[in-house]
Amino acid sequence: MTLKAVLIANRGEIAVRIARTARDLGIRSIAVYSEPDTGALHTQIADEAYLLPGKTSAETYMNIPALIDIAHRAGADCLHPGYGFLSENADFARTVQEAGLTWIGPSPESIELLGDKLAARAVAVEVGAPLAPGTSEPLETWEQARDFATEHGMPIAIKAAFGGGGRGLKVVFDVEDIEEGFNSAGREAREAFGRGECYVEKFLTHPRHVEAQVLADAHGNVAVLGTRDCSTQRRFQKLIEEAPAPFLTEEQRRGIEEGARDICRKAGYVSAGTVEYIVSEDGTVSFLEVNTRVQVEHPVTEAVTGVDIIAEQFRIADGQPLSFAGRDPEITGHAFEFRINAEDVTNGFAPSPGTITRFDVPTGPAVRVDTGVRTGTTIPAYYDSLMGKLIVWGPDRATAIRRAQRALDEFAIEGVRSVLPFHRDMITSPELTGDSLGVYTDWVDHNYSPSAKHYVDDIEHIYDERTSVVIEIDGRLHTVGIPTSLLNAGGGAGAAASPEAGAEAASANAVTSKYEATIVEWLVADGDVVAKGDALATIEAMKMESTIKAPRAGQVSLAAAQGERVKANATIATIS
């Protein structure tokens with residue numbers, strides 16, 4: 001290996017993952033961190049860490065001059081972008097190369113070609129991959145999206161041309177919602193990727209999301225490491241992945257894998273990449289997009305192939321052939337990956353930033369946890385909600401499911417809300433565990449509600465600081481979490497008469513955001529009269545948009561400006 005020192009232009013679990021692989025290969029790892037990430041796990045795992053002054057993604061992890069400056073100061077000879085942030089930015093890749101560094105990823109030309117979803121569609125057409133109807137150029141106005149819907153029918157999918165990972169993707173079922181869907185997709189795309197162009201496709205109902213992992217080197221080897229199913233999603237953000245994708249016919253599997261190989265070979269692709277498809281309920285396979293980076297879900301493929309995909313990226317960037325050149329790796333057994341996000345499943349998967357007070361991971365045969373946090377880590381509101389990933393392997397799908405059930409039961413997180421209750425529900429759901437996959441990409445959005453068998457906190461107090469109290473009931477010990485404010489109030493009648501209770505009554509008119517967020521758009525004007533439950537504002541935190549609703553009926557008085565960043569529990573409006 002000629003590469004000696006890598007700058008990791010990322011954060012969280014993927015930065016930890018890259019640093020550990022670099023150490024395995026004898027490569028010095030150099031981390032970067034923002035002010036909110038001071039002391040984060042990835043800065044402790046890496047050999048060195050350098051501050052990127054600022055808080056937002058634009059100020060820090062997407063600040064190209066600052067990243068290049070640190071790479072030079074630290075003596076890096078290569079740069080790994082991870083996923084998200086600048087990983088699919090061709091200009092960044094080109095700047096890295098012009099700065100004399102080795103870019104660990106596909107060429108800028110490949111990123112431009114395949115990262116542009118419209119250009120990727122053209123490549124897919126050229127090699128004969130099936131496609132759903134869609135526009136060949138980005139749309140300038142929402143009216144053009146409406147015209148497409150008039151011709152091809154509803155529903156439609158509005159997609160960011162330069163996006164990925166489900167951001168900048170809106171599925172619209174009613175014509176009257178096209179304008180808002182088009183505008184929202186553009187906003188999300190600009191926030192996440194810096195470009196807001198969108199195109200439109202006919203949306204195939206109840207589709208599964210199936211993808212093929214590709215590794216290609218500069219010696220002409222293009223390997224496909226099997227398939228993954230990523231259909232369990234919320235808001236088109238993946239939550240559970242499994243490999244290989246179950247319940248495909250041999251013809252479907254062959255078409256997906258060979259189509260992925262042909263697309264990457266035609267594009268002259270080199271490095272790790274993923275070719276994504278949708279498989280409709282009638283069995284139709286349709287090309288979706290190419291992700292020109294390592295995927296969040298790459299460990300589930302590693303579990304069934306034994307291939308270290310990050311290590312192969314380093315080998316490829318170093319000019320070496322794939323370690324298994326000339327063949328596709330054999331698929332052994334079955335694996336699941338569960339994304340462990342800081343989100344509240346009882347409140348529409350709302351982001352849940354805060355400080356982790358307990359993070360106990362499961363152990364056992366074939367159980368792996370990739371994480372960027374630990375007990376004491378603070379989850380900031382500026383970045384996405386992913387804390388880590390649980391990967392479980394078994395010799396067959398049934399065994400993998402049973403091991404996953406145990407591992408999820410053992411996983412314990414406190415201090416922030418997590419999606420663990422959702423995963424525990426899904427791994428016992430017949431839609432996921434049955435003899436045919438009943439989950440499709442928007443199944444969760446329309447069908448899931450938290451199970452009564454899992455303990456769920458009172459929604460009104462989900463963000464309160466809590467104190468654990470051990471009590472005995474009928475000779476059995478139980479641990480319960482009680483809002484600290486209630487303990488301090490003294491309980492009983494004293495609590496009812498406490499200053500806290502009076503302050504709560506006085507603030508009954510306040511409209512607040514439960515977490516630090518940006519007000520993307522006010523949906524009402526100052527002075528409007530609203531009913532309880534009416535949508536007041538769209539806010540964004542942890543790369544997700546959410547809606548603030550009116551807690552009561554009355555006349556609205558706005559107290560914060562559109563575009564303003566507001567603190568947790570700050571009053572953004574009042575209703576009198």
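Biologist: Which residues does Met387 touch, not counting residues up to four places away in sequence?

Modeller: This is a predicted model, in which local features need pLDDT of at least 70 and side-chain atom pairs count only at pLDDT 80 or more, while totals for chains, interfaces and linings use all residues. Residues are numbered from 1 along each chain as its sequence is written, and side-chain values use heavy atoms, with hydrogens and water left out. Taking contact as heavy atoms within 4.5 Å, Met387 touches Glu13, Ile340, Asn341, Ala342, Ile356, Thr371, Gly372, Val373, Ile379, Ile413, Val416 and Ser418.

Biologist: Which residues have the most contacts inside the largest nonpolar core?

Modeller: A nonpolar core is a set of buried Ala, Val, Leu, Ile, Met, Phe, Trp, Tyr and Cys residues joined through side-chain atoms within 4.5 Å. Buried means under 20% relative accessible area, exposed over 50%, and partly exposed in between (1.4 Å probe, protein chains only). The largest core has 37 residues, and those with the most contacts inside it are Phe338, Met387 and Phe422.

Biologist: Which element gives the largest share of this core?

Modeller: Helices (H or I, at least four residues) and strands (E, at least two) are DSSP runs, numbered from the N terminus. Elements supplying at least two residues each include strand 14 (334–341), strand 21 (386–394) and helix 12 (397–410). The largest share is 5 residues, and it comes from helix 12.

Biologist: How many residues make up the second, separate core?

Modeller: Its members include Leu225, Val294, Leu322 and Phe324.

Biologist: Which peptide bond is cis, with omega about -10°?

Modeller: Its proline, Pro244, sits in the loop between strand 11 and helix 9 (250–266). Another cis bond, with omega near 0°, runs from Met154 to Pro155. The bond with omega about -10° joins Ala243 and Pro244.

Biologist: Is His206 buried or partly exposed?

Modeller: His206 is in the loop between strand 8 (198–202) and strand 9 (208–216). Its phi is positive, about 50°, although it is not a glycine. At a relative accessible area of 34%, His206 is partly exposed.

Biologist: Is Ala145 buried or exposed?

Modeller: Ala145 lies in helix 7. Beyond four places in sequence, Ala145 touches Leu139, Ile156, Ile178, Phe182 and Val200. Its relative accessibility is 0%, so Ala145 counts as buried.

Biologist: Which strands are the edge strands of the open sheet?

Modeller: The sheet has 4 strands in the order 25-32-30-27, with antiparallel pairing. Two strands pair if DSSP finds at least two bridges between them. Those that pair on one side only are strand 25 (510–512) and strand 27 (529–530).

Biologist: Which residue in strand 32 stands opposite Leu558?

Modeller: Strand 30 (residues 554–558) and strand 32 (residues 571–575) run antiparallel, joined by 3 bridges. Opposite Leu558 stands Ala573.
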